[in-house]
Amino acid sequence: MALACLLLGYGLYTLERARYDVFPEFAPPTVTIQTESPGLSPEQVEMLVTQPIETAVSGILGVKTVRSSSIQGLSVITVVFKSGSDILKDRQFVSERLSTILTSLPREAGNPVIVPLTSSTSIVMVIGLTSGRLSLMDLRTAAFWTVSRRLMAVPGVSKVVVHGGEERQFQVQVIPRRLIKYDVSLNDVLAAARNAAGIKGAGFADTENQRIILRTGGAPVTAKGIGDTVVAFHGGAPLRIQDVARVVEAPAPPTGMASVMGQPGVQLLVSEQYGANTLRVTKGIEKALAELKPALDSDGITARIIFRPASFIDTALHNLRTSLLIGAVLAVIVLFLFLFNLRAAAVSCTAIPLSLLAGAIVLDRFGFGLNLMTIGGLAIAIGEVVDDAVIDVENIMRRLGENLRLERPRPAWQVVKDASLEVRSAVVYATFAVMLVFVPILTMSGVAGRLFRPLGVAYILAVLASLSVALTVVPALSYLLLRHKLKEQEPPVVAWMKRRYRSVLEAVERHFKAAIAVAALLTLTGLSLVFFLGGTFLPRLHEGHFIVHMNMLPGTSLEESMRLGRRVTDELLKIQYVKTVAQRAGRAPEEDDIHGTHQSEFEVDLKRLNGSDIEKARAQIEDTLKKFPGANFEVDTFLTERIGETISGYVAPVVVNIYGKSLGDLDTEAGRVASVLNGIRGASGVQVQSVPGMPEMSISLRKDSLARWGLSPVSVMDAVRTAYQGTVVGKVYEGNRSFNVSVILPPRERRKASSVGELTLKSPSGAYVRLSRLADIREIPGRYIVLHQGARRVQTVTCGVSGRDLNSFVKEAERKIIANVKLPAGSYFEFTGAAQAEAKSRRDLIVHSLMAVVGIILLLSVVTGFRNLLLLVLNLPFALVGGVVAVLLSGGEMSLGSMVGFVTLFGITLRNSIMLISHYEHLAGLEGMEWGAETCLKGASERLAPILMTAIVTALGLLPLALGSNAPGREIEGPLAVVILGGLFTSTALNLLLLPALSLRYGKFGVAGRDTTLE
């Protein structure tokens, strides 16, 4: 008892300090490598940067797959390792391989960088900054140097990406005609700018007794100071940078823009470290923002939380805890009604807190933490954790009552001990059988395994803890509380039910063949209904927040994306359910996404809503977006997208990869696949991921012209990059802040694509020549991105599904694509996404369930005969019927949670059957009763109360989850609870009504008697 009290206290302490999150870590060990390659086109990045890195990392031990994306100026490679791999060692191996190829990368490429390690969900908060007083440049400067630096100091924060605003630079905007006027080259200006910017160390001087540090100064910290730097001497007079260029503080060429509630601003994307506590990190960020608020207010900056995943965690955990509490209260009420003894009910209920807290302690120690899955596992285990205690207490009460009616009652402690030992064998074997039933869940692979394995572990731990409680705490408490306060008569509810139960069993026996026929017909009908069930990986999650993706034609400018985005924002804010809307167009340095200027994301945060209202909000958002036919939109929730990206690399549930060598052939075949998908009912948002048609200007240098003017290809390409991309030549330092100094053409010159050929270069002989005389310049169709999968070129078509189940859509899509799209030699399809993940998980469950059945048969064959074993297994298909009907009545869609529910259901059903059959064996074997109608009726009557109690307690424990399956946090466990409730109804009916009659006829208990009827 002392240990039980200690467990209770430590369990409460563990709950207080446990790591809370929405899901367990569901992503496999993944290392992402980003390599900046300013100025290079996507094809050049693919050939010169991506392929060498892919080759280097593909051979690392444990690599499962390698994905890459090559866009203008950036290579992103994602290395996915096999499950169970040590992510820290994986990162070390990748780092070692990268160090061996640095010299083989082009000069234009920067060093490959392994991005910071983040959790599966990565984003822990998105913060929007706006100001009516500051410019976008000053706003971004404050965001980067003040806000992000403070947030990076919060424990658990991995990185902070600043998206939008204008990055402050000191720009030397060269005026080409002045270069010609003063007879200087672009390289001269570059050299002067490099000499103007930066700080150099000066070393130290040693005296006889001192070392004196030398500190140099005088480097310019203003645009005027850089402009005063001498480039050359012209006619004996110094020629300064400001004479040939405008030196100004100006924004760097943007790769992304952002708005908050339609107002231009800056967004901060805060990511959490791997294994961090999301709720704790969120509180730390909010505390940091509160500390910054006075400084931000003084600068006229408004900070707004745009996306807070912890809100969904809070809501989901609250809903699950509420379901847990309601289920526990209902269980206590049922136990009291059946036992009709407050002390007995209290003894039985001790198993609930002790078992659940013990499970939580072990989960925390093994690093699982508390999340929707682990808490869900504990919630669905409520009925089971009290089961062992109920069986023990009910038998102890019955034996104590019988003992009171004896002429010479035995000592109470001996009665309690014998009564507990009487059911101990059945309880132990039933518990281990349930554990074997859950083996298929523990052995699931992929994302499904990483999501549901913690649920299975939590369930098994709770059941094991309940077994320990039943074997130790319950007998001790029963002896302390029940030995003197026990009434001789049975509880009224139990007595009333037993009287009617006998007549029901007699009726079943009289019409045995008809009852068996009806049961067989229902079973076959239920099994046939399986083919009418739809399938999906996970149900829709009601996070109260949507991410809207907007895709326009490749090459669309940031300004045009933001212009349309403002219109979209205005329309979305008119929806009554929407609270805030914020847009991000393009990408930001170090950001996980690599969106182009034609792509935008909208963070749409909703007001506090229930599940049905969230679905209404989604429908209104989708209807609103139909008003903008010039763009392609996708709407989904954050967690659904993250799971989809983990499965296939894309947020859409249907993904078709087409592998080949020629980009042109891949484009053609992808167009055909997209056309087929668009013709299938239910298809939505069909997109080709690497769309050709990006406007591109080809500058093909002519060797003879270069030789005539004495120019090298590299010098010309450097000049073009400097003019249009800009070349960073140094930094200017202001206190603890630094800003790049860049040489570039003025914005006015860079906005004219037709003027590229007019760029003037100076030859070694001093002559000036236009770029158009050195190269063939023409506009050609290009592409924004080049994709690789497994070091092979791939074109990907993605698709959403609405109005029908995912599985049937994918089957139809596979059939029609294979029939209508013929690929050239060397090319082939690969279907992936949520549907394939669900199908693989289903196959895993079926195969491993068959293995578990074999294990259960071997386990139970130790304690019972073959005929009795068949009786135990007979109840499983009847339980399946109830589960299938429940799924059909609740919508007809079978999610992964529903399949796990069937596994759980079989364990519960098997447990109740074991309790009845084992009691028959006890009566006929140990107590020496002759097996026949009277023994059969006695055993069924004595097991009526515990079987009904455990079934009703389990059902009521799951009822809040099932009824609230549409509420946030119950979307996965809700379908699971629905399946168990439906299956409990049919399996309990078979257990109580048909199993006694079947046992009487076909069971083998002791020596069979002559009486084989219940009449």
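Colleague: How much accessible surface does the protein have, and what share belongs to carbon and sulfur atoms?
Modeller: About 42800 Å², with 58% belonging to carbon and sulfur atoms. Areas come from the Shrake-Rupley method with a 1.4 Å probe, and for residues only the protein chains shown count as cover. This is a predicted model, where local features need pLDDT of at least 70, side-chain atom pairs count only at pLDDT 80 or more, and totals for chains, interfaces and linings use all residues. Residues are numbered from 1 along each chain as its sequence is written, and side-chain values use heavy atoms, leaving out hydrogens and water.

Colleague: What percentage of the residues is buried?
Modeller: Buried residues are 56% of the 1015 in the protein. Buried means under 20% relative accessible area, exposed over 50%, partly exposed in between (1.4 Å probe, protein chains only).

Colleague: How many helices and strands?
Modeller: 33 helices and 33 strands. Both are DSSP runs numbered from the N terminus: helices are H or I with at least four residues, strands are E with at least two.

Colleague: And what box do the C-alpha atoms fill?
Modeller: Roughly 130 × 80 × 55 Å, taken along the principal axes.

Colleague: Switching to charge. How many positive and negative side chains?
Modeller: There are 103 positive and 88 negative. Lys and Arg count as positive, Asp and Glu as negative; His and the chain ends are not counted.

Colleague: How far apart are the centres of the two sets?
Modeller: 1 Å. Each charge is placed at NZ of Lys, CZ of Arg, CG of Asp or CD of Glu.

Colleague: How many salt bridges in the whole structure?
Modeller: The search finds 34. A salt bridge here is a side-chain nitrogen of Lys or Arg within 4 Å of a carboxyl oxygen of Asp or Glu.

Colleague: Which residue does D776 pair with?
Modeller: R702, at 2.7 Å, N to O. The pair links distant parts of the chain, 74 residues apart. D776 is in strand β29 (residues 775-783), and R702 is in the loop between β24 (692-701) and α25 (703-709).

Colleague: Which residues do shared partners join into one network?
Modeller: R168, E249, E734 and R737, through salt bridges.

Colleague: What about D297, where does its partner lie?
Modeller: D297 bridges to K293, with the closest N and O atoms 2.8 Å apart. Both lie in helix α9 (residues 278-298), four residues apart, about one turn of the helix. D297 is partly exposed at 41% relative accessible area, and K293 is partly exposed at 48%.
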